[in-house]
Amino acid sequence: MRPTARLLMASAETSALKPSMNLLPPIPLYRRLLRAHRKHLPPEMRILGDEYVKAEFRAHRDVDNPVHLVGFLSEWQLYAQKIEGDAWIGEKLDQGKIAKMSDEQLAQLYELMKAIQKKGEEEGSES
């Protein structure tokens, strides 16, 4: 994931972010996400979130397509904003984004849902 001049220029075109907010480069965004998890998530959610962020950033390390990079970084930056503002609590996924997901992404989302449900069942059986 190498920030290029084209990537940085494309970040100005990202309309989903606040108009005054520029797209963060990968490493500062990665650090911001881990810091947001540390400050705003309960420990069990933090562990799951940190593992997911690390895996996603590793998986996208060698992506060179500027369009994919801008989309990847802008979505993670929006996620960081939501976590920092506690706007994520009770929020549902946008149906438009789900419709645009590949089969692989949907399978990954399903696995995430199952992991969350399993964690909830384990906590329910302990009490």
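Colleague: Which residues form the positive surface patch?
Modeller: The positive patch consists of R31, R35, R38 and K39, where a patch takes residues with over 30% relative accessible area and no salt bridge, joining like charges within 9 Å and nonpolar side chains (Val, Leu, Ile, Met, Phe, Trp, Tyr) within 5 Å. This is a predicted model, in which local features need pLDDT of at least 70 and side-chain atom pairs pLDDT 80 or more, while totals for chains, interfaces and linings use all residues. Residues are numbered from 1 along each chain as its sequence is written, and side-chain values use heavy atoms, leaving out hydrogens and water.

Colleague: Is K39 buried or exposed?
Modeller: K39 counts as exposed, at 60% relative accessibility, with buried meaning under 20%, exposed over 50% and partly exposed in between (1.4 Å probe, protein chains only). K39 sits in helix α2, residues 26-40; helices are DSSP runs of H or I with at least four residues, strands are E runs of at least two, and numbering starts at the N terminus.

Colleague: And the negative patch, which helix gives the largest share?
Modeller: Helix α6, residues 103-126, contributes four residues, the largest share. The members of this negative surface patch are E44, E121, E122, E123 and E126. E44 belongs to helix α3, residues 43-59, and is partly exposed with a relative accessible area of 36%.

Colleague: Switching topic, how many salt bridges are in the whole structure?
Modeller: A search of the whole structure gives three, a salt bridge being a side-chain nitrogen of Lys or Arg within 4 Å of a carboxyl oxygen of Asp or Glu. In one of them, the side chains of R32 and E84 meet at 2.7 Å, N to O. R32 lies in helix α2 and E84 in helix α4, so this pair ties together parts that are 52 residues apart in sequence.

Colleague: Is R32 buried or exposed?
Modeller: R32 is buried, with a relative accessible area of 14%, whereas E84 is partly exposed at 33%.

Colleague: What about D50, which side chain does D50 meet in a salt bridge?
Modeller: D50 pairs with R46 at 3.4 Å, N to O, and both residues lie in helix α3, four residues apart, about one turn of the helix. D50 is buried at 11% relative accessibility, while R46 is partly exposed at 31%.

Colleague: Which side chain does K97 meet?
Modeller: K97 forms a salt bridge with E75 at 2.9 Å, N to O. That pair links distant parts of the chain, with K97 in helix α5 (residues 95-100) and E75 in helix α4, 22 residues apart.

Definitions and conventions. Accessible areas come from the Shrake-Rupley method with a 1.4 Å probe; for residues, only the protein chains shown count as cover. Lys and Arg count as positive and Asp and Glu as negative; His and the chain ends are not counted. The place of a charge is taken as NZ of Lys, CZ of Arg, CG of Asp or CD of Glu.
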